[in-house]
Amino acid sequence: MAFTKKATIKGSKYQYELAPTAKKYTLRDNGFTETSSGNFQLIRPLQATPQSKEGFKLKITVSKDISTMKMSVTTANGLKAVDIFKDSKQELVQEKFYFLLDGMIDLSLIHI
């Protein structure tokens with residue numbers, strides 16, 4: 001998946017983009033870690049209980065120049081992208097996804 005100005009996950013009706021106020025230190029302060037290539041990555045579990053090792057993960061990667069991003073929801077091992085909106089049984093996972101993204105909007109990291 002390539003970096004783009006606006007990113008979304010499979011099945012979502014919203015597209016997100018980085019806020020112009022996002023800075024490297026702001027990303028680091030909010031859980032993003034710098035990768036070996038200089039990009040910033042955030043990985044958050046989306047399962048019902050944080051101790052569970054199964055479920056899905058939200059991955060958000062921001063380019064090192066903080067101009068583009070990519071995001072996906074993957075299986076627990078991080079190898080395959082999944083559509084959490086395809087199945088109505090994933091309502092809790094969908095809620096947690098929107099909760100995490102709403103938090104980033106409130107922190108002025110991203111916007112719709």
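**Salt bridge, sheet and core**

The count comes to one salt bridge, defined as a side-chain nitrogen of Lys or Arg within 4 Å of a carboxyl oxygen of Asp or Glu. This is a predicted model: local features need pLDDT of at least 70, side-chain atom pairs count only at pLDDT 80 or more, and totals for chains, interfaces and linings use all residues. Residues are numbered from 1 along each chain as its sequence is written, and side-chain values use heavy atoms, with hydrogens and water left out.

The salt bridge joins the side chains of Arg28 and Glu34 at 3.5 Å, N to O. Buried means under 20% relative accessible area, exposed over 50%, and partly exposed in between (1.4 Å probe, protein chains only). Glu34 is partly exposed at 45%. Arg28 is partly exposed too, at 41%.

Next, the sheet. Helices (H or I, at least four residues) and strands (E, at least two) are DSSP runs, numbered from the N terminus. Two strands pair if DSSP finds at least two bridges between them. Three strands form an open sheet in the order β1-β2-β7, with antiparallel pairing. β1 (6-7) and β7 (110-111) each have a single partner strand, so one side of each is left without a neighbour in the sheet. Two bridges link β2 and β7. Glu17 has His111 of β7 as its bridge partner.

Now the core. A nonpolar core is a set of buried Ala, Val, Leu, Ile, Met, Phe, Trp, Tyr and Cys residues joined through side-chain atoms within 4.5 Å. The largest one holds 26 residues, and Phe32, Ile60, Val73 and Phe97 touch the most other members. Elements giving two or more residues to this core include β5 (56-62), β6 (69-75) and α2 (91-106).
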